[in-house]
Amino acid sequence: MPGPFQLPPLPWAENALEPVISARTMGLHYGKHHATYVKNLNDLVAGTRFADMPLEHVIAASVGNDETRKIFNNAAQAWNHAFFWNCLKPRSGGEPPRAIARAIDESFGLKPDRKSPGLGVTLGIWKRPDAALLGRRPGVRFDR
Ligand SMILES: [Fe+2]
């Protein structure tokens with residue numbers, strides 16, 4: 001979606017991840033950090049070639065350039081925060097699909113911690129297309 005960029009709504013209530021992540025912490029990271037990155041980005045891109053780009057294009061077009069570093073930082077942080085919120089799910093847990101579990105075990109050695117039923121919050125990326133991004137990490141393959 002091109003700018004002006006919007007603060008996307010959280011996929012759950014701010015207190016939905018308690019007691020793992022408090023509503024106060026969510027208020028800080030969503031209501032302050034994320035909202036500020038979106039506001040700063042809109043201020044920085046107003047009247048520039050970045051103003052009508054989708055967020056991902058702003059990131060790609062601004063990376064590695066001192067003149068666009070502030071735009072990149074705010075765009076990337078806005079994207080990172082939105083991505084992270086969609087990776088969390090309240091009252092969840094369990095094993096990821098076998099191919100992803102194997103890739104995590106082989107690549108990161110996280111087998112004992114991969115499943116965290118006691119937390120009630122888990123990465124919800126397993127069923128998302130974004131999970132394919134993990135496959136782009138060197139040494140991670142899902143085709144075995
Ligand atoms: Fe944050």
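Predicted model: local features only at pLDDT ≥ 70, side-chain atom pairs only at ≥ 80, totals over all residues.

Biologist: Why are α2 and α3 called oblique to each other?

Modeller: The axes of α2 (residues 55-62) and α3 (residues 69-85) cross at roughly 140°. Roughly antiparallel needs an angle over 145 degrees, and roughly perpendicular runs from 65 to 115, so the pair counts as oblique. The two axes come within 9 Å, and the crossing is left-handed.

Biologist: Which residues make the contact between α2 and α3?

Modeller: On the α2 side you have Leu55, Glu56, Val58, Ile59 and Ser62. They meet Ile71, Phe72, Ala75, Ala76, Ala78 and Trp79 of α3. By class, that contact has nine nonpolar residues, one polar and one charged.

Biologist: What makes residues of α2 buried or exposed?

Modeller: Count the other C-beta atoms within 10 Å of a residue's own: 20 or more is buried, 12 or fewer is exposed. Leu55, Val58, Ile59 and Ser62 come out as buried, while Glu56 and Ala60, on the other side of α2, are exposed.

Biologist: How do you know that the buried residues line one face of the helix?

Modeller: Look down the axis of α2: its buried residues fall within an arc of 100°, so they line one face. What covers them includes α1 (23-45) and α3.

Biologist: And what follows α2?

Modeller: Gly64 comes after α2, with a positive phi near 75°.

Technical notes: Residues numbered from 1 in each chain as written. Axes fitted to C-alpha atoms, helices over the stretch in contact; angles between N-to-C directions. Helix = DSSP H or I, 4+ residues; strand = E, 2+ residues; numbered from the N terminus. Parallel < 35°, antiparallel > 145°, perpendicular 65-115°, else oblique. Left-handed = near helix turned anticlockwise from the far one by under 90°. Contact = placed C-beta atoms within 7 Å. Nonpolar A, V, L, I, M, F, W, Y, C, P; charged D, E, K, R; others polar. Arc of directions from axis to C-beta.
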